[in-house]
Amino acid sequence: GVDKRSWRRGALRDVVDGESLSSAGACWGLSSARLKSLYASDAVMELQSRIVAYLERCNDEVLVSALPEAALGDAVGPIAANAPVHGDEYGWHIDADPMLLPPGPFTDFFGRAPNRAPGCPRFVSALVYPVPEWQPDWGAPTEFLDPPTGETIAIEPRPGRVVFLDQDVS
């Protein structure tokens with residue numbers, strides 16, 4: 001089970017305002033205080049430095065930063081953590097789409113452009129599986145949807161696995 005001193009049922013919701021929770025997966029999420037301390041931890045700082053080094057090796061020009069508050073407001077933090085348990089359900093969702101950002105300093109400066117547009121920030125998520133053990137028969141793959149074709153790809157959890165994806169991928 002989850003440690004209820006740090007985890008809260010419903011603290012992380014893949015839900016758009018107005019959607020019912022039955023379709024949105026109100027799963028176990030870290031409390032806001034624990035998320036703040038985790039984000040400032042040595043482990044997360046080390047992970048971020050390794051991600052930056054990897055992306056810099058793979059790209060000619062890259063500037064990596066956490067999603068600024070100016071982009072989505074203070075309700076969306078630079079880090080999220082969930083603990084799915086048997087029976088939890090998740091719907092398709094998009095982490096962030098630069099075309100759908102609310103008005104504010106970020107869009108005043110960069111405007112709204114499709115992800116990967118030249119000269120504009122690219123929104124990328126890093127999905128980290130920090131579990132020390134994962135048995136294949138436990139299932140729970142993370143599925144990604146290609147909306148035009150309806151095809152999906154499933155990524156199985158593995159200890160230490162990191163998956164990079166554009167934030168506007170379902």
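At 57% relative accessibility, Arg50 counts as exposed, where exposed denotes over 50% relative accessible area, buried under 20%, and partly exposed the range in between, with a 1.4 Å probe and protein chains only. The model is a predicted one, in which local features need pLDDT of at least 70 and side-chain atom pairs count only at pLDDT 80 or more, while totals for chains, interfaces and linings use all residues. Residues are numbered from 1 along each chain as its sequence is written, and side-chain values use heavy atoms, with hydrogens and water left out.

Arg50 forms a salt bridge with Glu46, the closest N and O atoms being 2.7 Å apart; a salt bridge is here a side-chain nitrogen of Lys or Arg within 4 Å of a carboxyl oxygen of Asp or Glu. Glu46, at 39% relative accessibility, is partly exposed. Because they are four residues apart in helix H2 (residues 42-58), Arg50 and Glu46 are separated by about one helical turn, helices being DSSP runs of H or I with at least four residues and strands runs of E with at least two, both numbered from the N terminus.

The structure holds four salt bridges. One of them joins Asp3 to Arg5, with the closest N and O atoms 2.7 Å apart; Asp3 is partly exposed at 33% relative accessible area, whereas Arg5 is exposed at 69%. Another is formed by Asp166 and Arg116, whose closest N and O atoms lie 2.8 Å apart. Asp166 belongs to strand S7 and Arg116 to the loop between H4 and S4, so the pair ties together parts that are 50 residues apart in sequence. Asp166 is buried, with a relative accessible area of 12%, while Arg116 is exposed at 55%. Through salt bridges that share partners, Arg116, Arg122 and Asp166 are joined into one network.

Strand S7 also contains Phe164, which is partly exposed with a relative accessible area of 32%. Strand S4 (124-128) and strand S7 (162-166) each supply at least two residues of the nonpolar patch.

In soluble globular proteins, nonpolar side chains tend to be buried together. The largest nonpolar core has six residues, namely Trp7, Trp28, Leu30, Leu35, Ala81 and Ala83, a core being a set of buried Ala, Val, Leu, Ile, Met, Phe, Trp, Tyr and Cys residues joined through side-chain atoms within 4.5 Å. When residues up to four places away in sequence are not counted, Ala83 touches Val2, Trp7, Trp28 and Asp88, contact meaning heavy atoms within 4.5 Å.

With a disulfide defined as a pair of cysteine sulfur atoms within 2.5 Å, the count comes to zero. Cys58 is partly exposed, with a relative accessible area of 47%, and Cys120 is likewise partly exposed, at 26%.

Phe109 lies in helix H4 (residues 105-110) and is exposed, with a relative accessible area of 68%. The C-alpha atoms of Phe109 and Gly29, 80 residues apart along the chain, are separated by 32 Å.
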